[in-house]
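Notebook open, structure loaded. I'll jot down what I look up as I go.

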Amino acid sequence: MKVPLPRPNELWRSPLRGPWLTSVLGAVLLVGIPVLFVTGLLSYAAYNPNLSHVNDKTPGKGLLGFYLFSWPTHPYWLYRLNQGVHVTLGIVLVPVLLAKLWSVVPKLFALPPVRSVGHALERLSLLLLVGGGFFEFVTGILNVQLDYVFPGSFYPLHFYGAWVFVGAVLAHVALRLPTAVRALRSRDFRAELRTPTSRTRPEPPDSGGLVAARPADPTISRRGLLGMVGLGSLALAVVTAGQSIGGPLRGTALLAPHGRSPGTGPGGFPVNKTAAGAHIRPQDVGADWQLTVSGAGGSVRLGLAELQRMAQARAALPIACVEGWSTGDQHWEGVRLRDLAALVGHPDDPPGVFVESIQLTGSFRAVALSAGQVRDGRTLLALRVNGADLTPDHGYPARVIIPGAPGVMNTKWVGRLTFGATDFPERT
Ligand SMILES: Nc1nc2c(c(=O)[nH]1)N[C@H]1C(S)=C(S)[C@@H](COP(=O)(O)O)O[C@H]1N2
Ligand SMILES: [Mo]
């Protein structure tokens, strides 16, 4: 005996489900996802990956790196803004994404799974859309919350995933836009916001199979559902944005993994990796510490006192991490990188520099900076912050600070600067 399988829209019976609701949620994502994509691509460009394989978080990016450009130092808050928007928006869109998935759930279980070649292609694009979206949001959130839990690196996964996801979004929009526009016009948004649960009726039956075949009685209005999603997003914004905005709002960033209460005093701003975490021992940064500076004109070794006797410059700059949090503007003081370049044979028009920490293990202990970054008079080898010596956790005795750049480029516990190099000198 053959038992007919129930159709998915017979199993999912919410009277709210329908093309209009799906299209409203889709319209929000249609605005948000391009912003995520663009800020994500910019964030990758900000690493100056073409400068050095040490900076390149996705070796083998190939054609996908077509848009890369030399990341500017103006405005000095550029990366902070970009990354604050990227991370905050990504988190804020989670309730919308979940609601959108809920709204189309009968589609995901449509039977038979494939009816024709066209249908197969559409299903495949849906798989890439749902899978790609899920992957991007999960890897992004894991990276902000837990740091590096991935095999290899987060960057290639999130970067390649973004292209797959956006490709699927484009295909989905191309296939669905006319239906979505029609659906949006089928109901008046403002009237919907005035409709209570008691007057909530299902949308008319649709060919797409979203509307329930036998709708249950409503337990919430469309206005209620959209309000719930909106409040969820708002709540996430409130407990996230403070980590990028800083100041008194930092305390509200309940979801921020780093430094909600970074202490007080001159070093009272968030720390990513502590000196102990980086295995920097007190004797490594004691009286014996020396900085090796090399360039076309040779090498010099400078102790802290010698660096302190050089011209000291000041710059108010934030550290802004890829994870979205920022320290806000801090008052740094130290030697301009371009002055150090002048010491070793680059009196004018300095080249880029390869910066190495004395830290021996772990990520982020070396980075290549561009000539443009060295040239900027606000790019410092900072010795002091907020009127005091750097604290051990902030990179004592010396760290790099660069306007507009990602936090990871602000190398701490610096031991060697090689002007004109883009890799470890012993490897070239
Ligand atoms: N040597 C070294 N420098 C480093 C890091 C590191 O792990 N080791 N982390 C980088 C990252 S990812 C960021 S966001 C900033 C954080 O600086 P802070 O801890 O002083 O706030 O330092 C950068 N400099
Ligand atoms: Mo970072």
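I started with a salt bridge: the side chains of Arg 80 and Asp 329 meet at 3.8 Å, N to O. The cut-off I used is a side-chain nitrogen of Lys or Arg within 4 Å of a carboxyl oxygen of Asp or Glu. Between domain 1 and domain 2 the count is 1 salt bridge.

A note on the source: this is a predicted model, where local features need pLDDT of at least 70 and side-chain atom pairs count only at pLDDT 80 or more, while totals for chains, interfaces and linings use all residues. Residues are numbered from 1 along each chain as its sequence is written, chains are lettered from A and ligands numbered from 1 in the order in which they are written, and side-chain values use heavy atoms, with hydrogens and water left out.

Next, the domains. I have domain 1 at 8-248 and domain 2 at 282-419, with bounds from an automatic or database domain assignment. Their centres, taken over C-alpha atoms, are 39 Å apart. Each side of the contact is made of 29 residues, where contact means heavy atoms within 4.5 Å.

I then looked up the area. The two domains bury about 2300 Å² between them, 57% of it on carbon and sulfur atoms; that is accessible area (1.4 Å probe) lost on putting the two parts together, summed over both. On the domain 1 side, Thr 73, Tyr 76 and Arg 80 lose the most, together 29% of what that side buries.

Now the cores. The largest nonpolar core has 27 residues, and Leu 307 and Phe 419 are among those with the most contacts inside it. I took a core as buried Ala, Val, Leu, Ile, Met, Phe, Trp, Tyr and Cys residues joined through side-chain atoms within 4.5 Å. Buried is under 20% relative accessible area, exposed over 50%, and partly exposed in between (1.4 Å probe, protein chains only). A second, separate core of 21 residues includes Leu 16 and Leu 226.

Leu 307 touches Trp 289, Leu 340 and Leu 381, among others, leaving out residues up to four places away in sequence.

Most residues other than glycine have a negative phi, and most peptide bonds are trans. I found a cis bond from His 74 to Pro 75, omega near -15°, and another joining Tyr 396 and Pro 397, omega about 10°. His 279 has a positive phi near 60° and counts as exposed at 60% relative accessibility. Phe 364 also has a positive phi, about 65°, but counts as partly exposed at 27%.
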